[in-house]
Number of protein chains: 2
Amino acid sequence: MGSLAEQELGWAIDALVRHDADLGEQAAASYMTIKRLGRELQDEVTVMIANRRPNADDLRQLMTVLKIAGDLERIADLGRGFVWRALAVVDQDHLKSLMTSLRFMIETAQAQLKDVLDGLARHDVEKALAVWRKDQDIDAMHNSIFRELFTYMMEDPRNIGIYINLLLAAKSVERIGDHATNIAEQIYFAERGVPVTTDRPKRDDTSSILVLPPNLSSFAAEPAGAAGS
Amino acid sequence: MGSLAEQELGWAIDALVRHDADLGEQAAASYMTIKRLGRELQDEVTVMIANRRPNADDLRQLMTVLKIAGDLERIADLGRGFVWRALAVVDQDHLKSLMTSLRFMIETAQAQLKDVLDGLARHDVEKALAVWRKDQDIDAMHNSIFRELFTYMMEDPRNIGIYINLLLAAKSVERIGDHATNIAEQIYFAERGVPVTTDRPKRDDTSSILVLPPNLSSFAAEPAGAAGS
């Protein structure tokens, strides 16, 4: 499931640079496979618990496995959505710099996923914590892309559909980062038996900033002639 | 957890009609409570499985409980985000009709949540299936609001921050609807022992429509003067 989720993000990166409808089909098929594997995993865990009667510690590990599988499924779902959105806006020359930022963002998310899966395989709590901390970088990139997109939208409202797509694509990557962070927390909990208690990278820093971004709230506060009131 | 999630959506509805920052605090506190309850529930289920050694059928029910708890946590998280977004755009007179549509959408989501929790309490598969089918209504409302918002954005780009907030708020409600649908599927599975196999209301109909909305892709295809290419 982890490899497939990583591959899904690879397709998302590809979709930013080449307009190939097959990528959308592959991403969709791959997601369905991950979903099926998730269901099978749940069945296997259930049967294993029923037959082997694990102790409380082993049970916690099994619960962790199911939670991580859930995060991987969500990552693949978000990756699939990203592919479709990216395919819709590729070939727009004037968007090159934005697409580059977006590519850097999803490449970072893919690296985060790879690292957290390595951490999982090696029971490496430090590696998991590094992923957990680094999620703030993705949140920061997300903020930058959002603000940049806002300026495009104001300058070029006729292309708003494209910008909304990119905005939702960036938001998907931010959420992919959150799911990688969730996996890191699960690894920590499984290995140490307690939740991560140090300062947590806030999950929705970005969305709360977006509610009233200082530069935009000033725009919003201005009486706008266009909208009928 | 179900009651708290319902209450969270109640605050979301309130936040659309009265600008009260306390609603944001309440919604945040309530979400933290739901999250804590979710962790406690997971611990209780783990201890229960370890001590009582349930058979495979009972185990499946317990897994279902955990999955439903996960959906309730997500609903509360989305409701919390909605409250903040709604608080940022209340008092905008010219947005009355949009706010009314959004309120109708979140009221429908709240009703869906109530119904699916009733279905859960009464082991009522028919009620769960009704919720599962009705999710299409929320998706349809979501599409309408998106398209309406697009026209506002094009007419009034200076207020784009407000429209993006409303767009993300509507998207949150669509996802709340998806989580209610997930719960319905879990009820079905727990009661019948097989997954729902009839035609499924597609989860991301709306997002795939949004990728290239017919009316907007034609806008996008036009050479736009404003963006530097």
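Helices (H or I, at least four residues) and strands (E, at least two) are here DSSP runs, numbered from the N terminus. The structure is a predicted model, in which local features need pLDDT of at least 70, side-chain atom pairs count only at pLDDT 80 or more, and totals for chains, interfaces and linings use all residues. Residues are numbered from 1 along each chain as its sequence is written, chains are lettered from A in the order in which they are written, and side-chain values use heavy atoms, with hydrogens and water left out.

**Stop 1: H123(B).** Select the loop between α4 (96-121) and α5 (125-155) of chain B, where H123(B) lies. H123(B) is not a glycine, yet its phi is positive, at about 50°. Most residues other than glycine have a negative phi.

**Stop 2: R53(B).** Move to the loop between α2 and α3 (56-89) of chain B, which holds R53(B).

**Stop 3: α3(A) against α2(B).** Select residues 56-89 of chain A together with residues 21-52 of chain B; these two helices pack at about 130°, with their axes 9 Å apart. Axes are lines fitted to C-alpha atoms, for helices over the stretch in contact, and angles run from 0 to 180 degrees between N-to-C directions. The pair is therefore oblique (under 35 degrees is roughly parallel, over 145 roughly antiparallel, 65 to 115 roughly perpendicular, and the rest oblique). In the contact (heavy atoms within 4.5 Å), α3(A) contributes A56(A), L59(A), R60(A), M63(A) and K67(A), while α2(B) contributes residues including Q42(B), D43(B) and I49(B). By class, the contact residues are 6 nonpolar, 2 polar and 3 charged (Ala, Val, Leu, Ile, Met, Phe, Trp, Tyr, Cys and Pro are nonpolar, Asp, Glu, Lys and Arg charged, and the others, Gly among them, polar).

**Stop 4: α4(A) against α5(A).** Within chain A, select residues 96-121 and 125-155, whose helices pack at about 165° with axes 10 Å apart. That angle makes α4(A) roughly antiparallel to α5(A). Their contact involves 12 nonpolar, 6 polar and 6 charged residues.

**Stop 5: chain A as a whole.** Zoom out to chain A, which has 8 helices and 0 strands. Of its 229 residues, 54% count as buried. Among contacts in chain A with a separation of 6 or more, 82% come from residues 24 or more positions apart.

Note on methods. Buried means under 20% relative accessible area, exposed over 50%, partly exposed in between (1.4 Å probe, protein chains only).
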